[in-house]
Amino acid sequence: MNDEKFELLYKKAKDAMNKSYSPYSKFKVGAALLTKSGKIYTGTNIENASYGLSMCAERTAIFKAVSDGEKDFETLVVIGDTDKPISPCGACRQVIAEFGVDEVILTNLKKDFKEMSVEDLLPYGFSGEELDDKNTNS
Ligand code: THU
């Protein structure tokens with residue numbers, strides 16, 4: 001990814017992080033998702049007093065994009081105030097894998113970054129192909 005694209009997505013993800021609603025964990029996360037059509041969707045984590053209803057930043061960004069009719073993704077940048085580049089949770093890895101994205105860039109406020117593929121994030125993940133097999137055989 002070129003520097004200009006990274007800087008823009010980094011800024012958008014950081015701005016989203018600053019909008020985090022995380023009064024329970026106080027752990028702010030931001031995401032910026034670039035579609036192949038050139039749009040950027042941001043997301044932040046949104047918590048709830050009923051903890052299990054909380055939503056992560058990555059899934060917020062992906063769900064916003066899909067709700068807007070976008071399903072082809074180029075780059076996802078995720079940022080948190082972590083010592084090392086933030087590590088997406090398992091649920092987000094599964095949702096990222098559902099749609100795919102060419103590159104995932106994990107980062108932090110120090111701008112350390114780690115670039116990963118979907119396969120790196122979720123090796124041997126469960127996919128809809130298993131369900132397709134069931135449907136064609138029945
Ligand atoms: N969180 C995210 O937004 N993304 C992740 O991948 C890791 C966890 C949020 C969920 C919760 O609001 C807070 O971080 C602490 O778990």
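## Asparagine 108

The side chains of asparagine 108 and aspartate 112 are joined by a polar contact of 2.9 Å. A polar contact is a pair of N or O atoms within 3.5 Å; within protein, one must be able to donate a hydrogen and the other to accept it, and residues adjacent in sequence count only if both atoms are side-chain atoms. The side chain of asparagine 108 also reaches the backbone nitrogen of lysine 110, at 3.0 Å.

This is a predicted model: local features need pLDDT of at least 70, side-chain atom pairs count only at pLDDT 80 or more, and totals for chains, interfaces and linings use all residues. Residues are numbered from 1 along each chain as its sequence is written, and side-chain values use heavy atoms, leaving out hydrogens and water.

Asparagine 108 sits in strand S4. Asparagine 108 counts as buried because its relative accessibility is 0%. Buried means under 20% relative accessible area, exposed over 50%, and partly exposed in between (1.4 Å probe, protein chains only). Leaving aside residues up to four places away in sequence, asparagine 108 touches Tyr10, Ile79, Gly80, Thr82, Asp83, Lys84 and Pro85. Contact means heavy atoms within 4.5 Å.

Five strands form an open sheet in the order S2-S1-S3-S4-S5, with mixed pairing. Strands S2 (40-44) and S5 (113-116) are the edges, each pairing on one side only. Strands (E, at least two residues) and helices (H or I, at least four) are DSSP runs, numbered from the N terminus. Two strands pair if DSSP finds at least two bridges between them.

Strand S4 (residues 103-108) pairs with S5 in the antiparallel sense over four bridges. Here isoleucine 105 stands opposite glutamate 115 in S5. Helix H1 (residues 3-17) packs on the sheet and touches S1 (29-35), S2, S3 (73-80), S4 and S5.

## Around the ligand

A polar side-chain atom of glutamate 47 lies 2.5 Å from a ligand oxygen atom. For asparagine 45, the distance from a polar side-chain atom to a ligand oxygen is 2.9 Å. Cysteine 89 has a backbone N or O atom 2.9 Å from an oxygen atom of the ligand.

## Cysteines

How many disulfides are there? The count is zero, with a disulfide defined as a pair of cysteine sulfur atoms within 2.5 Å. For cysteine 56, the nearest cysteine sulfur is that of cysteine 92, 3.7 Å away. The sulfur of cysteine 89 is 3.8 Å from its closest cysteine sulfur, in cysteine 92, and therefore too far for a bond.

Cysteine 56 is partly exposed, at 22% relative accessibility. Cysteine 89 is partly exposed too, at 30%.

Terms used:
Axes fitted to C-alpha atoms, helices over the stretch in contact; angles between N-to-C directions.
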